[in-house]
Amino acid sequence: MIHSTAIISAKAKIGENVSIGAFSIIHENVVIGDNTIIESYCELGVSNHLSEGINLIIGSESHIRSRSTFYEGSKFGDKLVTGHSVTVREKTTAGKNFQLGTLSDVQGHCEIGDYVRTHSNVHIGQHSKIGNFVWLFPYVVLTNDPHPPSNVMQGVIISDYAVIATMSVVLPGAVISEGCLIGAHSSVSGRTEPDMIYSGNPAKKIATTSKLKLKDGSRKPAYPWRKHFKRGYPENVVAMWVKEDI
Amino acid sequence: MIHSTAIISAKAKIGENVSIGAFSIIHENVVIGDNTIIESYCELGVSNHLSEGINLIIGSESHIRSRSTFYEGSKFGDKLVTGHSVTVREKTTAGKNFQLGTLSDVQGHCEIGDYVRTHSNVHIGQHSKIGNFVWLFPYVVLTNDPHPPSNVMQGVIISDYAVIATMSVVLPGAVISEGCLIGAHSSVSGRTEPDMIYSGNPAKKIATTSKLKLKDGSRKPAYPWRKHFKRGYPENVVAMWVKEDI
Amino acid sequence: MIHSTAIISAKAKIGENVSIGAFSIIHENVVIGDNTIIESYCELGVSNHLSEGINLIIGSESHIRSRSTFYEGSKFGDKLVTGHSVTVREKTTAGKNFQLGTLSDVQGHCEIGDYVRTHSNVHIGQHSKIGNFVWLFPYVVLTNDPHPPSNVMQGVIISDYAVIATMSVVLPGAVISEGCLIGAHSSVSGRTEPDMIYSGNPAKKIATTSKLKLKDGSRKPAYPWRKHFKRGYPENVVAMWVKEDI
């Protein structure tokens, strides 16, 4: 299961039934859970002056696609899934089932909850805090510096079930409240109200998310999205959503 | 012509005079036409649960630059040219002379015509339909989900000779008509009229494209662009354009 | 210091104490200064019909992170630092201490001064001219074609100490004057006045940069940024800034 061209440190802790693809490199301070797939050209456990030799921990049943780069000193729960060519720096933690899209770039020192999903080319700036069940769509950027360049760091907060659509910028210190939808190509700052749509540059409050109807002929509400979209979530999560009175 | 470090499946069908660079991987369900160049670190024929073991077909006289990833189950006409680090998923078809820029990401299940060109970092969402002679400039994103996340898929349609400038988002279900120009940093939805300029966020109709003059001193119209820009198109296409009475 | 899997042309000129990582490729027309680190999967000295066999020159004490691609025919001063997966085409020159962020793409034929820094995913179009101490933040795009596609090339000019914030587009032929701040998600054209803030799509003049106060409790001006931000600049530069009466 480990390709003959892969370069694996004897000090790395590789679980049972782990597959490692051609030309991949696993450095010493890496711990990989059981039943995980690491594709080709991946490099795990890159060190720098900030990573301090702390282990990179990848949970069980994960799938890291080709050309991905992970630094030491970050920790991921089980069932991490990445696209191709992701970069993840040091001292980030993510919960269960984090899905990180192709070409996405996590800058380090972030806290990410359970079941967070990003699409391609998402940039998560340092010190971002992301709740559970959050969605970030292509080319979303989470920023942190209110007057760049400076030493002031105002990471953003994205709350549970929030959705940020394509090519939106979350400005430094913004707090996106639970269940919000940020429309495509928006710039959002400040603290949003829960379950509201914000859109534009600068983003303005448009309406409650419940105004949006599903374009599948049903005319049911499109939000909260967990009432109709359950693909890829585990049974216990879906059961919890079904029981919710929202 | 095939580097000694490349890993080539014995089942792959490699044409005459094909060059394959260092550290590249060619999987089994891959068919590569004659006189094609595959640079270093490319991986062709990646499989997933959607690709179903269908062949990846790369036409003759193609040039795939380094670090590119292609899945099984897609098909490209002759003279495919890519930049570096492109990702192309399953079940996409493209015609002749498709040029895909560095870091571009084709998500699969797309139909792309002849002589389409993208610049760097273009994201082509699932179920996009792109005509012939279309241009997509850097950081353009073609989307598909009208109320993300959902199971509703409204791929966009981009018609012949349309041009979408830098960092524009084509919103779900949009139809960009023949010869349109979408200005930089726009968000466009709905159906545009042919040969018109749309710009802004949200994009509005500005004028007919013929109002734009070439900034080369000639004061000739800048559109239709095929009246003055012919670089890299084959003689028979250029001859067709010269004969057109537009 | 040179990994056994690296492929190094015997004609490349490698300085003293250079480190080259696993699976990297160094072609023949490459000159690397002393004490430089080239990480894994890098390819240096790619040739094309425009590079004409001219040397790629990398200054001393540089650090090129993994998966980076450099063409022949470009020249970098000492202390070049890149993120991962950068692409740099032919005939670009950069001065001392150029820092190019992860996934950034320099299209070639650019002139870049000393101490320029880009963050991730910056796209520097052909024929851009960038002064000294410039900052480009994530997803900034510098364009050049006023009516794409065409053969007219109007590269942008970015003057000393200018700052362009996240996801802004600098339109063809724009001249960003010294000390300007372009706000996030802006589209800027024409010639800006020095030390002013421009923001929006299209960008408008907002105020002088000195109106922005540091959000660190001090209420000091945030600009010129060199009055408070000195991280990573050498002592002689910082000493020059301290003496300046601005």
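Predicted model: local features only at pLDDT ≥ 70, side-chain atom pairs only at ≥ 80, totals over all residues.
A look at its surroundings brings in parts of the chain from elsewhere in the sequence: C:Ile64 is 17 residues away along the chain, yet the C-alpha atoms of C:Val81 and C:Ile64 are 5.8 Å apart in space. Once neighbours within four places in sequence are set aside, the contacts of C:Val81 are C:Ser62, C:His63 and C:Gln99.

Turning to chain B, a parallel open sheet is found there, built from nine strands. Read across the sheet, the strand order is β2-β5-β8-β11-β14-β17-β20-β23-β26. The edges are held by β2 (13-14) and β26 (175-176) of chain B, and each of these has a single partner strand, so one side of each lacks a neighbour in the sheet. For β26(B), pairing with strand β23 of chain B (residues 157-158) is parallel and runs over two bridges. One residue pair can be named here: B:Ile157 has B:Val175, in β26(B), as its bridge partner.

The arrangement of the chains comes next. Chain C is superposed on chain B by a rotation of 120°, with 0.0 Å of shift along the axis and an RMSD of 0.0 Å. Such a relation is that of a three-fold axis. Within chain C, the residue that comes closest to the rotation axis is C:Phe23, whose C-alpha lies at 4.3 Å. For chain A and chain C, the superposition of A on C likewise takes a rotation of 120° with 0.0 Å of shift along its axis, again with an RMSD of 0.0 Å.

The contacts between chains can be described residue by residue. Where chain C meets chain B, 26 residues of chain C and 31 residues of chain B take part. On the chain C side of this contact, 13 residues are nonpolar, 10 are polar and three are charged. Where chain A meets chain C, the contact draws on 26 residues of chain A and 32 residues of chain C. The chain A side that touches chain C is made up of 13 nonpolar, 10 polar and three charged residues.

Definitions and conventions: Residues numbered from 1 in each chain as written. Chains lettered and ligands numbered in written order. Contact = placed C-beta atoms within 7 Å. Nonpolar A, V, L, I, M, F, W, Y, C, P; charged D, E, K, R; others polar. Least-squares fit on C-alpha atoms with pLDDT ≥ 70 in both. Pairing = 2+ DSSP bridges. Helix = DSSP H or I, 4+ residues; strand = E, 2+ residues; numbered from the N terminus.
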